[in-house]
Amino acid sequence: MFAPEGRGEGPITGDELELLRIATDGLDATVALAAAALYGQYTSLQLAYDYDDHDKASFMPDIRTAEEIYALINVVGVNVHPLSRDGIPYVGVEFDTRWDPEHGAGVLINGKRVVEVGGVDSAVLLWIAEEDLQSGTAP
């Protein structure tokens, strides 16, 4: 989806088409980076969800490699935000997760940099990207 928030209803501009082109050209790498970011947070997520042993085995089993996270997640949406840093769009990846089928997970990416890992809102909310852009955090 392009511009899930913060854009009017007018036609897509040339600059916006370029953001979409950049995002789609790098989509495989962006999804892989987002999945790796979830894997990086997985142990903390296990502690936060605090499933009992039986439910943990079903919903959040221990995993040893980044590849194993793919058995627990599915991409359900990709959001290209209408802003960029140095011409690189902010892209949010939404996941359905086995551990939280109601809320899922979201990762906001800018190029090769993970901006935020959280609920699906992390992938959708424009203000998160705007805040990062305004912070001047180095890419």
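The legends below describe close-up views of a predicted model.

**View 1. A network of salt bridges links E18, R21 and D25.** R21 pairs with E18 through a salt bridge, with 2.5 Å from N to O. The side chain of R21 also meets that of D25 in a salt bridge, here at 2.6 Å from N to O. Helix α1 spans residues 14-25 and holds both R21 and E18, which are three residues apart, about one turn of the helix. R21 and D25 likewise both lie in helix α1, at a spacing of four residues, again about one turn. R21 is partly exposed, with a relative accessible area of 39%. E18 is also partly exposed, at 34% relative accessibility. D25 has 60% relative accessibility and therefore counts as exposed, the cut-off being over 50%. The model has a count of five salt bridges.

**View 2. A salt bridge joins D132 and R113.** The N to O distance between these side chains is 2.7 Å. D132 belongs to helix α5 (residues 126-135) and R113 to strand β4 (residues 113-118), so the pair ties together parts that are 19 residues apart in sequence. Are D132 and R113 buried or exposed? Both residues are buried, which means that each has under 20% relative accessible area.

**View 3. The largest nonpolar core has 17 residues.** Y42, I69, I73, F95, W99 and V107 are the residues with the most contacts inside this core. At least two core residues come from each of α2 (27-49), β2 (88-97) and β3 (105-110). Helix α2 gives the most, with six residues.

**View 4. Contacts of I73, a residue of the largest nonpolar core.** With neighbours within four places in sequence left aside, I73 is in contact with A35, L38, F95, D96, T97 and W99. Two of these partners, F95 and W99, are listed with I73 among the residues that have the most contacts inside the core.

**View 5. The largest pocket has a volume of about 180 Å³.** Rolling a probe the size of a water molecule over the atoms shows where empty space is left. Which residues line the largest pocket? The lining consists of I22, A23, G26, A29, T30, L33, I88, P89, V91, I109, G111 and K112. The elements α1, α2 and β2 each give two or more residues to this lining. By residue class, the lining divides into eight nonpolar, three polar and one charged.

**View 6. D50 has a positive phi in a residue other than glycine.** Phi of D50 is near 50°. D50 is placed in the loop between α2 and α3 (53-59). The relative accessible area of D50 is 60%, so D50 is exposed.

**View 7. D86 has a positive phi in a residue other than glycine.** Phi of D86 is near 55°. The loop that holds D86 runs between β1 (73-85) and β2. D86 is exposed, with a relative accessible area of 71%.

Notes: Residues numbered from 1 in each chain as written. Predicted model: local features only at pLDDT ≥ 70, side-chain atom pairs only at ≥ 80, totals over all residues. Heavy atoms only, no water. Salt bridge = Lys/Arg side-chain N within 4 Å of Asp/Glu carboxyl O. Buried < 20%, exposed > 50% of the residue type's maximum accessible area, 1.4 Å probe, protein only. Core = buried A, V, L, I, M, F, W, Y, C linked by side-chain atoms within 4.5 Å. Contact = heavy atoms within 4.5 Å. 1 Å grid on protein atoms, 1.4 Å probe; cavity = no way out; pocket = protein on both sides within 12 Å on 5 of 7 lines; lining within 4 Å. Points joined across faces, edges and corners; volume = space filled by probe spheres on them. Nonpolar A, V, L, I, M, F, W, Y, C, P; charged D, E, K, R; others polar.
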